[in-house]
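Subject: Structure handover

Hi,

Here is the structure I promised to pass on.

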Amino acid sequence: MTDCIFCKIVAGDVPATKLYQDELVTAFRDINPLAPTHILIIPNVHLASANDLAPEHAAAAGRMLTLAPELARQEHIAESGYRLILNTGADGRQEVPHMHLHLLGGRRMQHPLG
Ligand code: AMP
């Protein structure tokens with residue numbers, strides 16, 4: 001999508017600190033980190049939110065999820081733990097309309113969710 005900031009990051013048209021990219025997904029550091037490690041993992045294809053997930057996206061969705069522990073190990077937070085968040089829609093407080101998985105760690109998260 002031409003005016004999507006995350007599509008532009010995937011394409012390399014907007015700078016980002018990319019940690020991983022392949023044919024399905026891209027991972028980069030959040031520009032406004034809420035924890036010592038705050039990474040966004042996104043599908044390369046434009047999906048506005050998790051509501052757009054369909055069976056043909058299973059490979060990308062699976063890659064997003066399996067990449068998370070790899071990045072957590074790389075960031076040395078796999079043992080201490082982390083939180084994966086997939087905000088969806090207005091009530092989910094999704095602000096950027098390109099589906100993204102937050103990987104947050106390096107500090108103790110607040111409990112409970114919400
Ligand atoms: P959400 O509220 O789940 O939609 O989260 C959107 C996230 O995208 C926020 O944590 C923002 O800080 C982050 N973000 C927005 N623009 C950029 C950007 N250009 N590069 C990296 N992260 C961004």
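Predicted model: local features only at pLDDT ≥ 70, side-chain atom pairs only at ≥ 80, totals over all residues.

**The cores**

The largest nonpolar core is made of 14 residues. Ala27, Ile39, Ile41, Met64, Leu67, Leu71 and Leu103 are the ones with the most contacts inside it. Strand 2, strand 3 (37–43), helix 2 and strand 5 (101–105) each put in at least two residues. Helix 2 gives the largest share of this core, with five residues.

Leaving aside neighbours within four places in sequence, alanine 27 is in contact with Thr17, Lys18, Leu19, Tyr20, Ile39, Leu40, Ile41, Leu67 and Leu71. There is also a second, separate core of eight residues, and Cys4, Phe6, Phe28 and Leu40 are among them.

Leucine 101 sits in strand 5, and its relative accessibility is 5%, so it counts as buried. With neighbours within four places in sequence set aside, leucine 101 is in contact with Ile39, Leu40, Ile41, Met64, Leu65, Leu84, Ile85 and Leu86. As for leucine 47, it is 54 residues from leucine 101 in sequence, while the two C-alpha atoms are 12 Å apart in space.

**Salt bridges**

Searching the whole structure gives three salt bridges. In one of them, arginine 63 pairs with aspartate 22, and the closest N and O atoms are 2.4 Å apart. This pair links distant parts of the chain, 41 residues apart: arginine 63 is in helix 2 (residues 58–74), and aspartate 22 is in the loop between strand 1 (18–21) and strand 2.

Arginine 63 also forms a salt bridge with glutamate 23, where the closest N and O atoms are 3.9 Å apart. Glutamate 23 is in the loop between strand 1 and strand 2 and arginine 63 is in helix 2, so here the parts tied together are 40 residues apart in sequence.

Are the residues involved buried or exposed? Arginine 63 has 27% relative accessibility, so it counts as partly exposed. Aspartate 22 is at 15% and counts as buried, because the cut-off for buried is under 20%. Glutamate 23, in contrast, is exposed, with a relative accessible area of 60%.

The remaining bridge is between the side chains of arginine 29 and glutamate 75, at 2.8 Å from N to O. Arginine 29 is in strand 2 and glutamate 75 is in the loop between helix 2 and strand 4, so this pair, too, links distant parts of the chain, 46 residues apart. Arginine 29 is partly exposed, with a relative accessible area of 32%, whereas glutamate 75 is buried at 19%. Shared partners join Asp22, Glu23 and Arg63 into one network of salt bridges.

**A histidine and a surface patch**

Histidine 57 is in the loop between strand 3 and helix 2. Histidine 57 is buried, with a relative accessible area of 14%. Apart from neighbours within four places in sequence, histidine 57 is in contact with Val45, Leu47 and Asp52.

On the surface, Leu65, Tyr82 and Leu84 form a nonpolar patch, and together they have about 260 Å² of accessible area. Of these, tyrosine 82 lies in strand 4 (residues 82–85) and is partly exposed, at 32% relative accessible area. Leu65 and Leu84 also come up among the contacts of leucine 101, which is itself buried.

Cheers

Conventions:
Residues numbered from 1 in each chain as written. Heavy atoms only, no water. Patch = residues over 30% accessible without salt bridge, like charges linked within 9 Å, V, L, I, M, F, W, Y side chains within 5 Å. Areas by Shrake-Rupley, 256 points an atom, 1.4 Å probe, with all protein chains shown as cover. Salt bridge = Lys/Arg side-chain N within 4 Å of Asp/Glu carboxyl O. Helix = DSSP H or I, 4+ residues; strand = E, 2+ residues; numbered from the N terminus. Buried < 20%, exposed > 50% of the residue type's maximum accessible area, 1.4 Å probe, protein only. Core = buried A, V, L, I, M, F, W, Y, C linked by side-chain atoms within 4.5 Å. Contact = heavy atoms within 4.5 Å.
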